[in-house]
Amino acid sequence: MYILKNQKSLFVLLFTFVALQVTACTRSAVPRRDSSSAGGNLEEQILYYTNKFRKSKGLAPLEMNVTINQQAEQHSRDMASGRTGFGHEGFEERVDVVTKKMGRVAAAAENVAYGSLDAEAVVNGWIKSPGHRKNMLGNYNLIGIGAAKKGKITFFTQVFIKK
C-alpha cells in the first residue's frame with residue numbers, strides 16, 4: 001500500500017493472500033453507471049460489491065468515472081502484459097493525468113490485485129486486507145476500475161478519487 005499525503009510522504013506495504021495478490025495505494029463527472037445490481041461487466045460488478053460494502057458501513061456510493069477508468073484499465077493492461085510489475089508503479093502519474101483532465105484532486109488511493117477471481121472474490125479479498133479496506137472506506141466520491149486478463153489470471157485496479 002502506498003500512502004501519499006500532500007504529495008510528500010510515501011509508505012509501501014504489500015499484502016499477499018492465498019490465490020490472491022493485492023496491494024493498495026493512497027494519495028492525499030462523467031456518466032454515472034448503475035451500481036444497484038451485480039449485473040454488467042466485471043468492472044461494474046466490482047463497483048456493485050464495493051458500493052455494497054460501503055453502504056453496509058453507512059457510506060455514500062462511489063461514482064464510476066470514465067477518465068479514472070481509463071487510468072485503471074491501462075494500469076491493469078500494463079501489469080497483465082508485463083510492461084510494469086504488479087504493484088503501484090506509475091500511481092502518481094495516473095493521478096496527475098486525472099488532475100490534468102478533471103482539475104484538482106483532493107485525495108487519491110489505489111488497490112490492485114491479481115488471481116483467478118470473480119468480482120465478488122476480489123472485493124472480498126480487498127475487504128479482508130486492512131490497507132485495502134481503508135481505501136474502500138475512505139473519503140472518496142469517484143472511482144475508476146480496470147481489469148485485464150493474461151491467460152487464466154486477471155489483474156485488477158481500483159483508483160479512488162476525492163474531488
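The following legends describe close-up views of a predicted model.

In this model, local features require pLDDT of at least 70 and side-chain atom pairs count only at pLDDT 80 or more, whereas totals for chains, interfaces and linings use all residues. Residues are numbered from 1 along each chain as its sequence is written, and side-chain values use heavy atoms, with hydrogens and water left out.

**View 1. Overall arrangement of the protein.** The protein contains five helices and eight strands, where helices (H or I, at least four residues) and strands (E, at least two) are DSSP runs numbered from the N terminus. From the N terminus on, the order of the elements is β-β-β-β-α-β-α-α-β-α-α-β-β. Of the 163 residues, 50% count as buried; buried means under 20% relative accessible area, exposed over 50%, and partly exposed in between (1.4 Å probe, protein chains only).

View 2. Helix α3 comprises 12 residues, 91-102. From first C-alpha to last it reaches 16 Å, close to the 16 Å expected at 1.5 Å a residue, the expected span being 1.5 Å times one less than the number of residues. The buried residues in α3 are F91, R94, V95, V98 and M102. They lie on the same side of α3 because they cover an arc of only 95° around the axis, the arc being that of the directions from the helix axis to the C-beta atoms. An α-helix has 3.6 residues a turn, so residues three or four places apart point the same way. G103 follows α3 and has a positive phi, near 95°.

**View 3. Two salt bridges.** A salt bridge is a side-chain nitrogen of Lys or Arg within 4 Å of a carboxyl oxygen of Asp or Glu, and by this rule the count is two. The side chains of R94 and E110 form one of them, at 2.8 Å from N to O. This pair links distant parts of the chain, with R94 in helix α3 and E110 in strand β6 (residues 107-115), 16 residues apart. R94 is buried at 8% relative accessible area, and E110 is buried at 0%. R83 and D78 also meet in a salt bridge, at 2.8 Å from N to O. Here R83 is exposed, at 57% relative accessibility, whereas D78 is buried, at 17%.

**View 4. Crossing of helices α1 and α4.** The axes of α1 (residues 42-56) and α4 (residues 119-128) come within 8 Å and cross at roughly 40°. Axes are lines fitted to C-alpha atoms, for helices over the stretch in contact, and angles run from 0 to 180 degrees between N-to-C directions.
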